[in-house]
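Please open the model in the viewer and keep the selection tool at hand.

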Amino acid sequence: MTHLPEQVVLVDDAGSAIGVADKIAVHTEDTALHLAFSCHVYNPDGQLLVTRRALSKLTWPGVWTNSFCGHPAPGETQEAAIARRAQLELGITVTDLQLVIPDFRYRAIDASGIVENEICPVYRAITVDVPEPNPSEVAEFAWVEPEQLRAAAASAPYAFSPWLGWQLSRWPD
Ligand SMILES: [Mn+2]
């Protein structure tokens with residue numbers, strides 16, 4: 001059975017698709033702008049799921065971040081990509097998906113020099129499931145009070161992924 005490499009959608013400054021690229025090839029020290037998403041998952045008590053990226057990941061290994069992120073495949077909707085990554089990374093089903101920051105875009109450089117450069121709409125969702133992390137994606141997780149996370153990220157931004165800090169700073173009250 002052949003296994004095609006995971007692909008991402010290249011976009012222009014306006015967010016229009018202009019091509020596709022292999023995920024592994026696009027993330028370099030000069031990463032082309034591409035389409036992604038971030039998802040912040042809450043439990044029914046209003047706690048937010050934060051995750052620590054696996055130590056084996058190529059970018060931001062071991063860094064605490066939002067619940068999960070990903071890249072929609074060519075032809076895949078954001079909603080389908082979110083459902084796929086929720087299962088793959090955390091073994092959870094998410095519901096009540098809401099688009100919170102539709103125009104979020106960022107560029108960041110990780111400690112090894114690899115660049116992220118994404119148009120990355122930010123969503124929130126609910127789960128009633130107990131996460132079962134995929135160890136190749138997520139090293140550990142915690143349920144936190146959103147206000148406490150926002151305060152922590154504001155006072156110690158270096159302890160979190162850069163996109164999480166930027167997303168929380170734009171979170172509507
Ligand atoms: Mn990316």
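Select Glu-118, which counts as buried because 23 C-beta neighbours lie inside 10 Å. A residue is termed buried if 20 or more other C-beta atoms lie within 10 Å of its own, exposed if 12 or fewer, and partly exposed in between, with C-beta atoms placed from the backbone. The model is a predicted one: local features need pLDDT of at least 70, side-chain atom pairs count only at pLDDT 80 or more, and totals for chains, interfaces and linings use all residues. Residues are numbered from 1 along each chain as its sequence is written.

Glu-118 lies in strand S10 (residues 115–119). Helices (H or I, at least four residues) and strands (E, at least two) are DSSP runs, numbered from the N terminus. Now display the contacts of Glu-118: His-34, Ala-36, Arg-105 and Tyr-106, not counting residues up to four places away in sequence. Two residues are in contact if their C-beta atoms, placed from the backbone, lie within 7 Å.

UniProt, in an unreviewed entry, places the feature "active site" at Cys-69 and Glu-118. Although spread over 50 residues of sequence, they cluster in space, with a largest C-alpha distance of 11.3 Å. UniProt positions are given in the numbering used here, feature names are shortened, and annotations may be inferred rather than shown by experiment. Cys-69 belongs to strand S7 and is buried, with 22 other C-beta atoms within 10 Å. Beyond residues up to four places away in sequence, Cys-69 touches Ala-36, Phe-37 and Ser-38.

**Second stop: Glu-89**

Next, select Glu-89, where the unreviewed UniProt entry places the feature "binding site". Glu-89 lies in helix H2 (residues 78–90) and is buried, with 24 other C-beta atoms within 10 Å. Residues up to four places away aside, Glu-89 touches Phe-68, Asn-134, Glu-137 and Val-138.

Val-138 leads onward, being the bridge partner in S12 of Arg-53. Select strand S5 (residues 48–53), which is mostly covered, five of its six residues being buried. Six bridges join S5 to strand S12 (residues 138–144), and these strands run antiparallel. On S6, S5 is joined by two bridges, again antiparallel; there Arg-52 stands opposite Trp-64. Two strands pair if DSSP finds at least two bridges between them.

Which residues of the largest nonpolar core touch the most other members? Of its 32 residues, they are Phe-37, Cys-39, Ile-82, Ala-86, Val-94, Cys-120 and Tyr-123. The elements that give two or more residues to this core are strand S1 (7–11), S4, S5, strand S7 (68–70), H2, S11, H3 and H4. A nonpolar core is a set of buried Ala, Val, Leu, Ile, Met, Phe, Trp, Tyr and Cys residues joined through C-beta atoms within 7 Å. Centre the view on Ile-82, which, leaving aside neighbours within four places in sequence, is in contact with Phe-37, Cys-39, Val-94, Leu-97 and Tyr-123.

**Last stop: two positive phi angles**

Trp-60, in the loop between S5 and S6, has a positive phi of about 45° although it is not a glycine. Trp-60 counts as partly exposed, with 19 C-beta neighbours inside 10 Å. Finally, select Asp-96 in strand S8, also not a glycine, with a positive phi of about 55°. Asp-96 is exposed, with 9 other C-beta atoms within 10 Å.
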